[in-house]
Amino acid sequence: MSDTTRTATCVCGAVTATTTGEPARVLTCSCRDCRRKSGSAYSLSTYWPEDRVTLSGETGSYRRDAQDGRSLILHFCRTCGVSVYWHADFARGQIGIGGGNFDVMDFAPPETAYWTEQRPDWTLHLSDIPTKLRQER
């Protein structure tokens, strides 16, 4: 196991999840609820063994049933409202952390994409979209 330490935060920085090593798995999901949670065409999720995550900051929580019938408990910052981590029925003993909540996403790429029939077709052609390295004014 590597000793790499990474920290995921909410927008205001009040809630953090600090990880050690590498995630147990990385995945994307395009189900309706993950799209809504991420505000994007899909979510990027990392899952870490509980003993390799240190959580800090005051959170609220929200339990939701997933489209497959299992449930998740989302933990969000009470100040900015951003969800940093969650506990999922399908990943007992692990903590899910949004990939985009890390400043540096230098972990392995997603190994699986779930609910792909619900993602927009244009996501298959992201490399064809013109890119800009920074915001131009």
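**View 1. Secondary structure of the predicted protein chain.** The secondary structure of this predicted model comes to one helix and ten strands, where helices (H or I, at least four residues) and strands (E, at least two) are DSSP runs, numbered from the N terminus. Read along the sequence, the elements follow the pattern β-β-β-α-β-β-β-β-β-β-β. Residues are numbered from 1 along each chain as its sequence is written. Because the model is predicted, local features need pLDDT of at least 70 and side-chain atom pairs count only at pLDDT 80 or more, while totals for chains, interfaces and linings use all residues, and side-chain values use heavy atoms, with hydrogens and water left out.

View 2. The C-alpha trace of the protein chain spans about 40 × 40 × 35 Å along its principal axes. Buried residues make up 36% of the 137 residues, buried meaning under 20% relative accessible area, exposed over 50%, and partly exposed in between (1.4 Å probe, protein chains only). Among contacts (heavy atoms within 4.5 Å) between residues at least 6 apart in sequence, 56% join residues at least 24 apart.

View 3. Strand β1 (residues 5-9) has a covered face formed by Arg6 and Ala8, and an uncovered one with Thr5, Thr7 and Thr9. Five bridges join β1 to strand β2 (residues 16-20), and the two run antiparallel; two strands are taken to pair if DSSP finds at least two bridges between them. On the covered face of β1, Ala8 stands opposite Ala17 in β2, and the bridge partner of Arg6 in β2 is Thr19. Six residues lie between the strands of this hairpin, and Gly13 in the turn has a positive phi of about 85 degrees.

**View 4. Pairing of β2 with β5.** Strand β2, joined to β1 by five bridges, is also joined to strand β5 (residues 53-56) by four bridges, in an antiparallel arrangement. Within this pair, Thr18 stands opposite Thr54 in β5.

View 5. Ser43 is found in strand β4 (residues 43-49) and is buried, with a relative accessible area of 7%. Not counting residues up to four places away in sequence, Ser43 touches Leu27, Thr28, Cys29, Cys34 and Ser38.
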